[in-house]
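These are my notebook entries on one protein model. I set down what I looked up, topic by topic.

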Amino acid sequence: MAYGRDMIYSAAEEKNGCSDPDSQGLEAQQLAQGSTHLHRRLKRGWIWKQLFVPEEDPTPRVIGQLKSDYDRGEFSIKYILSGEGAGDVFEIDEYSGEIRTLQKLDREEKAFYVLQAQAINRRSNEPVEPQSEFIIKVQDINDNVPQFENEPYVSSISEMCPIGTTVAQVTATDADDPLFGNNAKLIYSILQGEPYFSVEPKTGIIVTSWPNMDREAREQYQVVVQVKDMLGLSGGYSSSTTVTVSLTDVNDNGPTFQHHLYTFAVPENAPVGITVGRIMADDGDVGVNARMNYSLEDLEESTTFRIQTDPVTQEGVVLLAKPLDYETKRRFVMAAEAVNDHMDTHFLSYDEFKDRTTLKIIVEDVDEPPVFLAPVYEWKVPENAMMGTVVGTVSARDIDTVNNPIRYSIDKGSDLRKAFRIDPNNGTITVAKPLDRETLSWHNVTVAAEETKQNHLSATVAVFIKVLDINDNVPRLARDYQPYICEGTQAGELVQLLSAVDPDEPVEGHHFYFSMVSEKHINPNFTIRDNQDNTAGIVARRSTFTRKDRIHFLLPVVVTDSGSPALSSTSTLTISVCSCQPTGHCPTGGVQALALSMGVSIQTLLGLLLCLVVFAVLSILMLVVRRHRRKQQEGLEAEKKELQLPGKVSQKVLRYGEPGCRGADLGVSQPVPLRPHPRRKERRLRREDVAASIRMSLRQSHLIGPEDEVFRQFIMDRLTEADQDPYVPPFDCLRTYAYEGTGSAAGSLSSLESCTFEPGDEQPASRPRPSLVQLTPWQGTGEEETTF
């Protein structure tokens, strides 16, 4: 690459066309001395043209040279290079100013380098030239393969589209310099996909090149596009990509039935809404273009069946719309039509979007239950109807050709009171028990009709019987009134408002009449005023009511209804005289209200209450004393039992021998446990067990004899049980005696502790007390004499 250095001057000097070497030397001298004047513009001593270096060149080479006007070849000037890549990528000869590359460069990584050059006087180390900036540009070579962007490519077009329809556009890039040669100039071509598709060489736009492509024949295409740099010339680089092209569906196919006749069978007892069968019209399209509607075209039979489209399978579902009857009609023939929802006349005519077929439906005979002539029966009967009164008649028949006889019955669960009876042969329902509307105004009876032959099929029907009201209940007061009159009530004031109720329900509604019991004399205290609105008021006749004179008044009230015949009832009200509060209310709580309700004075009531309290306190005290005495008695009995029970004192009998007596040398023998007396209950149980065993043995005694082994074993078992039974006498008991003291010269007189010496026996060597003479022989024989 060429380089050069041109001397330039300032703009004013260049305009005047003068060039003075002395002035240039003076300027250099001033720069060397370091004296600069801001008010004076200095001339530039150098400027460098742009330098170029080829990329990917591994050989170091000289790409240019810097040289100052003051360089006389004496090597007095030092050249310095700084900036991008200085020292790493580029270096400069500080004596000659030659610039060399140190490594190979890649334009795609960095396209140019900006560097600064400076010339310095070696002796004074002062710049002889101002710092100058220059650019080293990396020159491109074709070393990059073009690459496709935005992969993968997927596109779709409508089937039957015209030639030239744009499918997609592919785009490739080349990292080489597009401004240098043909390194980055690309050309597109089709490697796979012809003759259906083609591509624009420069733009990469893919278009269709085949007419009427049918999705039903082929739905997807793989188009391979190649791109090459260097305008497709040899020596360039290339790459390829695949474009997936799918054909979208258009409605270019109509529905078509595969069969001209579809036959189905359905039993006559099939419920309404059941699926009779399914038909299917094929459509080569998909999605909305394959949607279709089915219809039945037969004016006579279209009401018995209907058809609807399954949204998932696009099948025509034939449904039963009305009940069938084999005896009435046994076969149905109708036409079914399938029509596309969306029609596009660009591809087919209107008639090509529909198809027809024939449906034949056969009804199968089924043994059906009886059918009532009415779906429900509703009758009325007065509540005073006599037993045997006919309420109504139900009727059913066997609709089959056999026409079996029918038998009627009432479901027991629907007539728990058994108020009605039905004739099993003709279905006539009559009254079986007295009716009461006030107890039950409606009877819901279920009647069953059953065939008497074959499968005994049955059917039921609901019968509603309304019980009509008659005037058979007397009217009564609405509630239990407790009227009162204040002591200061004036004559003519309202004491109590009365109303009445009646369980009956007359058609024209209730109308009650209130009155007093007819007497010879007029009641001087109260009267009843009928308000003619089913209410009446008790009104005071006088104004002199006081509790001192009288506490209660009895007033009979007669209530009469408007029925035919009219019924009435008499209720006697107790009117209390009350010392009302200032607000006019009679006390409803406390002692005063209690006294008023009992009809006594407050003083009397308080006296009664005081007596009750005293009686309750005395009863409690007596109960406490009785409990205390009972506890003391129980404690004494417990102590007594502890003293008497051997188990509490000692359960052992100790036997000992005296010195000098026989057996005295044996010492103290082993303790023997006492046998306490068993409880009566336990003895009773034991006796019952033994008695039961004896009774069982006696039952078998006629089979065995005394010499029999079984009999012997029985006797031995009973003997063993008697020996080991602790609940039979004799029983041990313990007697407690007081301590007698010591020092008795006579010793013990007990025959149990006395010793009998035979002649010849030796007396003991020493005896603390005198010898005793036996008073009574041990055997108790002979006369009872005492010798001292």
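This is a predicted model: local features need pLDDT of at least 70, side-chain atom pairs count only at pLDDT 80 or more; totals for chains, interfaces and linings use all residues.

**Entry 1: strand β32 and its partners**

I began with β28 (residues 390-393), which is joined to β32 by three bridges, the two running antiparallel. I took strands as DSSP runs of E of at least two residues, and helices as runs of H or I of at least four, both numbered from the N terminus. Two strands count as paired if DSSP finds at least two bridges between them. Residues are numbered from 1 along each chain as its sequence is written, and side-chain values use heavy atoms, with hydrogens and water left out.

Within this pairing I found Gly392 bridged to Ile429 of β32. Strand β31 (residues 420-422) is also antiparallel to β32, again through three bridges, and there Arg421 stands opposite Thr430. I recorded β31 and β32 as a hairpin with five residues between them. Gly427, in the turn, has a positive phi of about 80 degrees.

Which way do the side chains of β32 (residues 428-431) point? Thr428 and Thr430 point one way, and Ile429 and Val431 the other. All four are buried, buried meaning under 20% relative accessible area, exposed over 50%, and partly exposed in between (1.4 Å probe, protein chains only). In a regular strand the side chains alternate between the two faces of the sheet.

**Entry 2: confidence**

I checked pLDDT, the predictor's confidence in each residue from 0 to 100. The protein averages 78, and 74% of the residues score at least 70. Residues 1-45 stay under 50, and I noted 54 contacts for them beyond four places in sequence; a contact means heavy atoms within 4.5 Å. Residues 751-788 also stay under 50, with 25 such contacts.

**Entry 3: a four-stranded sheet**

I traced an open sheet in the order β35-β37-β40-β39, with antiparallel pairing. β35 (476-477) and β39 (526-530) are its edges; each has a single partner strand, so one side of each lacks a neighbour in the sheet. β35 meets β37 (residues 494-501) over two bridges, and Leu477 has Ala500 in β37 as its bridge partner.

**Entry 4: nonpolar cores**

I defined a nonpolar core as a set of buried Ala, Val, Leu, Ile, Met, Phe, Trp, Tyr and Cys residues joined through side-chain atoms within 4.5 Å. The largest has 25 residues, and Phe372, Val394, Phe420, Val447 and Val463 have the most contacts inside it. At least two residues each come from β27 (376-382), β30 (406-410), β31, β32, β33 (442-451) and β34 (458-468). The largest share, five residues, is that of β34. Another core, of 24 residues, lies apart from it and includes Ala281, Phe305, Met334 and Leu359.

**Entry 5: disulfides**

I searched the whole structure for cysteine sulfur atoms within 2.5 Å, the criterion for a disulfide, and two were found. Cys486 is joined to Cys580 with an S to S distance of 1.8 Å, and the link is left-handed at -90 degrees about the S-S bond. The two cysteines are 94 residues apart, Cys486 in β36 (residues 484-486) and Cys580 in the loop between β42 (568-578) and α3 (590-598). Cys486 is buried at 15%, whereas Cys580 is partly exposed at 23%.

In the link of Cys578 and Cys586 the sulfur atoms are 2.1 Å apart, and the link is right-handed at 100 degrees. Cys578 is buried at 2%, and Cys586 is buried at 10%.

**Entry 6: salt bridges**

I counted a side-chain nitrogen of Lys or Arg within 4 Å of a carboxyl oxygen of Asp or Glu as a salt bridge. By this rule there are 15.

Glu297 is partly exposed at 36%, and Arg356 is partly exposed at 42%. I also noted one network, in which salt bridges that share partners join Arg437, Glu438, Asp469 and Glu505.
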